[in-house]
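Please consult the sequence and the model shown here alongside the text.

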Amino acid sequence: MKIVYIVPGTGGTFYCQNCVRDVDMVRALRNHGHDVVMVPVYLPILIDATGLSKDVPVFFGGVNVYLQQKFGIFRKTPRWLDKLFDSPWMLRRAAALEGSTESARLGPMTLSMLEGAMGNQKKELDRLLDWMVNHEKPDIVHLSNSLLLGMAAEIKSCLRVPVVCTLQDEEAWLDGIDPPYDKRCWQAMSDRAADVDAFVAVSEWYGREMRERMGVPEDKMHVVSVGIDLSDRGRASLSFDPPVIGYLSKMTESLGLGLLTDAFIQLKKNPKLSALKLRVTGGQLGEDIKYVAGLQKKLAKEGFDGDAEFTTEFDAAKRRDFLQSLSVLSVPAPGGESFGMFITEALAAGVPVVQPDAGAFPEVVEATGGGVIYDANDPGALA
């Protein structure tokens with residue numbers, strides 16, 4: 001089967017769970033004999049994706065999408081000019097500034113992308129469609145997440161093929177958008193759901209959530225848990241000499257890094273755990289940099305800064321080594337997540353997890369038996 005798999009890139013600036021999922025999915029499909037073309041949008045796919053899309057151009061380049069949203073003249077500029085903004089150095093620069101693009105202020109752009117051919121980025125959509133029609137001719141098109149649903153109707157109309165869409169953590173972005181665009185974007189997604197032949201949620205919990213919020217018929221919603229390639233996965237020794245708590249995700253407040261830091265400080269004050277270490281990785285953007293610096297100052301004030309390590313490298317090899325050094329992993333996101341790719345990665349290394357009773361965390365931990373769930377409403381429960 002010829003599959004075009006459309007994936008938003010991140011420029012490799014932070015641990016993108018959806019990117020890791022998509023890369024492993026593409027490799028697995030290829031191993032099963034399918035011809036899969038991985039198509040990046042916005043930014044290049046850099047995390048774990050070596051060689052997967054090297055001959056495929058970036059569509060909806062982040063700089064062009066922004067300019068076309070803000071200034072009408074860029075919706076009519078010739079391709080040679082657009083190419084300048086899609087150049088690798090320009091997109092790398094955009095990736096470095098990605099921290100300034102939190103969802104709150106991007107409601108109009110998110111809505112425009114969901115409007116597809118009626119949105120401000122129609123020129124970009126036409127370019128993608130032309131490329132697929134003349135170069136790829138797929139049997140099926142897979143959208144990495146539902147924020148790309150604006151493409152679905154035109155893809156089906158031009159290519160006459162089914163469209164499948166994976167669902168994972170879109171609600172965090174949409175719920176963070178400033179009113180009234182949050183509700184307008186949810187409505188647009190609900191409207192565009194009719195253009196998709198099948199949705200694939202990564203957990204039962206998230207499937208129920210999105211079915212309700214988007215009004216997706218039950219027979220269109222399927223659940224497939226996130227899997228990973230187990231080859232080249234070393235196992236942690238779990239020697240507890242010293243015991244090490246790990247955190248693998250974007251280093252930000254919303255994912256509970258501050259909660260974990262406070263729990264670490266509390267545990268370090270127990271004489272029996274004086275050797276305890278904290279290791280953190282996953283990348284940081286914009287305001288996150290100041291936030292992490294504040295946590296490091298807090299640790300220094302307690303005299304524990306030498307026992308906490310914040311690392312910036314998190315490619316596949318570095319994550320493997322990182323996970324093998326841990327005794328336990330925790331990403332205590334108070335609001336939960338649709339799955340938690342870091343859980344799968346930790347368990348593949350034999351490292352147990354400690355997660356709050358939120359989102360799909362209880363479902364994943366119960367299914368694997370690989371950790372402990374705590375009451376997120378109890379201030380001392382994590383420690």
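## Basis of the description

The model is predicted; local features need pLDDT of at least 70, side-chain atom pairs count only at pLDDT 80 or more, and totals for chains, interfaces and linings use all residues. Residues are numbered from 1 along each chain as its sequence is written, and side-chain values use heavy atoms, with hydrogens and water left out.

## Overall form

The protein chain contains 15 helices and twelve strands; these are DSSP runs (helices H or I, at least four residues; strands E, at least two), numbered from the N terminus. Its radius of gyration is 21 Å, close to the 21 Å that the globule rule gives for 383 residues, so the chain is as compact as a globular protein of that length. The radius is taken over C-alpha atoms, and the rule is 2.2 Å times the number of residues to the power 0.38. Along the principal axes, the C-alpha atoms fill a box of roughly 65 × 40 × 40 Å.

## The six-stranded sheet

An open sheet is formed by six strands in the order S2-S1-S3-S4-S5-S6, with parallel pairing. Its edges are S2 (35–41) and S6 (221–223), each of which pairs on one side only; two strands pair if DSSP finds at least two bridges between them. The twist averages 25° from one strand to the next. Seven bridges link S1 (residues 2–8) to S2 in the parallel sense, and Val7 has Pro40 in S2 as its bridge partner.

Helix H7 (residues 152–159) packs on this sheet and touches S1, S3 (140–143) and S4 (163–167), its direction making about 170° with that of S3. Helix H10 (residues 204–214) lies across S4, S5 (198–201) and S6, at about 165° to S6. Contact here means heavy atoms within 4.5 Å. Axes are lines fitted to C-alpha atoms, for helices over the stretch in contact, and angles run from 0 to 180 degrees between N-to-C directions.

## The S8–S9 pair

Strands S8 (residues 277–281) and S9 (residues 308–311) run parallel and are joined by four bridges. Arg279 stands opposite Glu309 in S9. From S8 the chain passes through helix H12 (residues 287–302) to S9 in a right-handed β-α-β crossover: with the strands pointing away from the viewer, the path from the first strand over the helix to the second runs clockwise.

## Two helix contacts

The axes of H1 (residues 17–31) and H14 (residues 341–348) come within 9 Å and cross at roughly 60°. H1 is therefore oblique to H14. Angles under 35 degrees count as roughly parallel, over 145 as roughly antiparallel, 65 to 115 as roughly perpendicular and the rest as oblique. Gln17, Val20, Arg21 and Asp24 in H1 meet Met341, Phe342 and Glu345 in H14.

H2 (residues 62–70) and H5 (residues 107–114) pack at about 100°, with axes 10 Å apart. Val65, Tyr66 and Gln69 in H2 meet Pro108, Met109, Ser112 and Met113 in H5.

## Backbone sites

Pro179 and Pro180 are joined by a cis peptide bond with omega about 0°; Pro180 lies in the loop between H8 (170–175) and H9 (181–192). The bond from Asp241 to Pro242 is also cis, with omega near 5°, and Pro242 lies in the loop between S6 and S7 (244–248). Phe60, a residue other than glycine, has a positive phi near 50° and is placed in the loop between S2 and H2.
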